[in-house]
Amino acid sequence: MESRLIYESNKTYLNHVEWIKAENTESEWSFFGNDKNIGEIQIRKIIDENFDDENLYFVLSRNESSEMNKIELVKKISKVFRDYNFTVWNNNFRKVVEFNKVGIYRNGINASY
């Protein structure tokens, strides 16, 4: 799927997401950090906990969204998570993790299914 279609699908489906409350909190947001010590191991853990698929959609902007495998995705996230807000979807836009550049993330399920 081309970048703009991934981006537009993301915008459409985000309106239908039911966010899952984080453990032991009233918020759906979880802190994972935003300092230089956060690395691929922590990011891989978040991705593995939320997705079974090997290929996922990385959504940053209209021209910078793509499908990639988990290894590529973790490397990409490690480079951009301090600077940008972005989302990661499974290959049928059913599950999502939204990352915020302040070091928090949330996960949810597309309720339109």
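**Figure 1. Overall fold of the predicted model.** Read along the sequence, the protein chain runs α-β-β-α-β-β-α-β-β-β. The model is predicted. The chain holds 3 helices and 7 strands. Its radius of gyration is 13 Å, close to the 13 Å that the globule rule gives for 113 residues, so the chain is as compact as a globular protein of that length. The C-alpha trace spans about 35 × 30 × 25 Å along its principal axes. Of the 113 residues, 41% are buried. The chain exposes about 6,600 Å², and carbon and sulfur atoms supply 43% of that area. Contacts between residues at least 6 apart in sequence were also examined: 60% of them join residues at least 24 apart.

**Figure 2. The aromatic pair Phe32 and Phe81.** The model contains 10 aromatic pairs. In the pair shown here, the ring centres of Phe32 and Phe81 are 5.4 Å apart and the planes meet at 50°, so the pair is tilted. That angle falls between the cut-offs of 30 degrees for stacked and 60 for edge-to-face. Phe32 counts as buried because its relative accessibility is 11%, under the 20% limit. Phe81, at 1% relative accessibility, counts as buried as well.

**Figure 3. The aromatic cluster.** Ring pairs join six side chains into a cluster: Phe32, Phe58, Phe81, Phe86, Phe99 and Tyr105. Phe32 and Phe81, the tilted pair of the previous view, are among its members.

Figure 4. The charged end of Arg106 sits over the ring of Trp19, 3.8 Å from the ring centre. Arg106 also forms a salt bridge with Glu28. The closest N and O atoms of this bridge are 2.8 Å apart. Arg106 lies in strand 7 (residues 104-110) and Glu28 in the loop between strand 1 (17-19) and strand 2, so the bridge ties together parts that are 78 residues apart in sequence. Arg106 counts as buried, at 14% relative accessibility. Glu28 is partly exposed, with a relative accessible area of 21%.

Figure 5. The model has 8 salt bridges, and Asp48 takes part in bridges with Arg44 and Lys70. Asp48 and Arg44 both lie in helix 2, 4 residues apart, about one turn of the helix. Their closest N and O atoms are 3.0 Å apart. The side chains of Lys70 and Asp48 meet at 3.3 Å, N to O. Lys70 lies in helix 3 and Asp48 in helix 2, so this bridge ties together parts that are 22 residues apart in sequence. Asp48 is partly exposed, with a relative accessible area of 35%. Arg44 is partly exposed at 29%. Lys70 counts as buried, at 5% relative accessibility.

**Figure 6. A salt-bridge network.** Glu8, Lys11 and Arg62 are linked in a network of salt bridges.

Key:
Residues numbered from 1 in each chain as written. Predicted model: local features only at pLDDT ≥ 70, side-chain atom pairs only at ≥ 80, totals over all residues. Heavy atoms only, no water. Phe/Tyr/Trp six-rings, centres within 6.5 Å; stacked < 30°, edge-to-face > 60°. Buried < 20%, exposed > 50% of the residue type's maximum accessible area, 1.4 Å probe, protein only. Lys NZ or Arg CZ within 6 Å of the ring centre and 35° of its normal. Helix = DSSP H or I, 4+ residues; strand = E, 2+ residues; numbered from the N terminus. Rg over C-alpha atoms; globule rule 2.2 N^0.38 Å. Contact = heavy atoms within 4.5 Å. Areas by Shrake-Rupley, 256 points an atom, 1.4 Å probe, with all protein chains shown as cover. Salt bridge = Lys/Arg side-chain N within 4 Å of Asp/Glu carboxyl O.
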